[in-house]
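The sequence and the coordinates are shown first, and the description follows.

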Amino acid sequence: MIERTLVLVKPDGVARGLIGEIISRFEQRGLKIIGLKIIKSPESLIKKHYDFNDIAKRKGEFVWKKLIKGLTNQVVVAMVVEGIEAIPFVRKICGDTEPRAAPPGTIRGDFAHHGYAYADAKNIPVNNLVHASSGAKDAAREIKIWFKEDELITYKRADEAWHYGDNI
Ligand code: GDP
Ligand code: MG
């Protein structure tokens, strides 16, 4: 039940000074940051992260190409977030892929209003500030791409017993 998931603050989030705000969204819900780095991501890393066979099949080759271009050699913040059912929960905190559809209260719904129609017409990936792993298989695969095992840190938060119900 305690899961680990990969989150990226994408270049638009870094450029807009939203790194702290985005990390806070996870911390304030009691989720634990167990890995964290800022990196200028080389093409090889981005190509591993956004697998052609996945994105091109679901969204078309065009979106994949634009994603690779948009993230290569750009500054991103990568983190591993741990908590109870963290994989779907972190997706919920991020909000829908299309910021236009993401409800207020989510990261994408509070800080962006980009939409597919606009982004497609401009030939760019929709700017949605964050990436979060979509399922258990992806989370395991993506964490390995961005972090070495010894870069993930085990520790207890002072409020952890309350989040995990170990206080009783
Ligand atoms: P995510 O898991 O919510 O990030 O969404 P996906 O894995 O489906 O897509 C990866 C990224 O591609 C998204 O975060 C967007 O930046 C971009 N993207 C997805 N779908 C579209 C689309 O239909 N049009 C455009 N322009 N960009 C898209
Ligand atoms: Mg995805």
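## Ligand 1 and its surroundings

A backbone N or O atom of I124 lies 2.8 Å from a nitrogen atom of ligand 1. Distances of this kind are listed as polar contacts, meaning a pair of N or O atoms within 3.5 Å; within protein, one must be able to donate a hydrogen and the other to accept it, and residues adjacent in sequence count only if both atoms are side-chain atoms. For K10, an N or O atom of the side chain is 2.9 Å from an oxygen atom of ligand 1, and for K59 a polar side-chain atom lies 3.3 Å from a nitrogen atom of ligand 1. In total, 16 residues surround the ligand, the closest being R91, T97, D120, I124 and N128; a residue is near a molecule or strand if one of its heavy atoms lies within 4 Å of it.

## Basis of the model

The model is predicted: local features need pLDDT of at least 70 and side-chain atom pairs count only at pLDDT 80 or more, while totals for chains, interfaces and linings use all residues. Residues are numbered from 1 along each chain as its sequence is written, chains are lettered from A and ligands numbered from 1 in the order in which they are written, and side-chain values use heavy atoms, with hydrogens and water left out.

## Packing of helices α4 and α5

Helix α4 spans residues 52–59 and helix α5 residues 61–71; their axes come within 6 Å and cross at roughly 130°. The two helices are therefore oblique to each other. Angles under 35 degrees count as roughly parallel, over 145 as roughly antiparallel, 65 to 115 as roughly perpendicular and the rest as oblique. Axes are lines fitted to C-alpha atoms, for helices over the stretch in contact, and angles run from 0 to 180 degrees between N-to-C directions. Helices (H or I, at least four residues) and strands (E, at least two) are DSSP runs, numbered from the N terminus.

On the α4 side the contact is made by F52, I55, A56 and K59, and on the α5 side by E61, V63, W64 and L67; contact means heavy atoms within 4.5 Å. By class, this contact has 6 nonpolar, no polar and 2 charged residues. Ala, Val, Leu, Ile, Met, Phe, Trp, Tyr, Cys and Pro count as nonpolar, Asp, Glu, Lys and Arg as charged, and the others, Gly among them, as polar.

E142 is found in helix α9 (residues 136–146) and is buried, with a relative accessible area of 3%. Buried means under 20% relative accessible area, exposed over 50%, and partly exposed in between (1.4 Å probe, protein chains only). The side chain of E142 makes polar contacts with the side chain of H131 at 2.9 Å and with the side chain of S133 at 2.6 Å. Leaving aside neighbours within four places in sequence, E142 is in contact with L6, H49, H131 and S133.

T5 belongs to strand β1 (residues 2–9) and is buried at 0% relative accessible area. Residues touched by T5, beyond four places in sequence, include M79, V80, V81, S133, A139 and I143.

## Loop residues

Two residues other than glycine have positive phi values. Phi is near 60° for N73, which is placed in the loop between α5 and β3 (75–84) and is partly exposed at 47%. Phi is near 70° for L129, which lies in the loop between α8 (116–122) and β4 (130–132) and is buried at 0%.

E151 is placed in the loop between α9 and α10 (160–164) and is partly exposed at 29% relative accessibility. A polar contact of 3.0 Å joins the side chains of E151 and K37, and a polar side-chain atom of E151 lies 2.8 Å from the backbone nitrogen of K148. R100 lies in the loop between α6 (86–94) and α7 (107–111) and counts as exposed at 62%.
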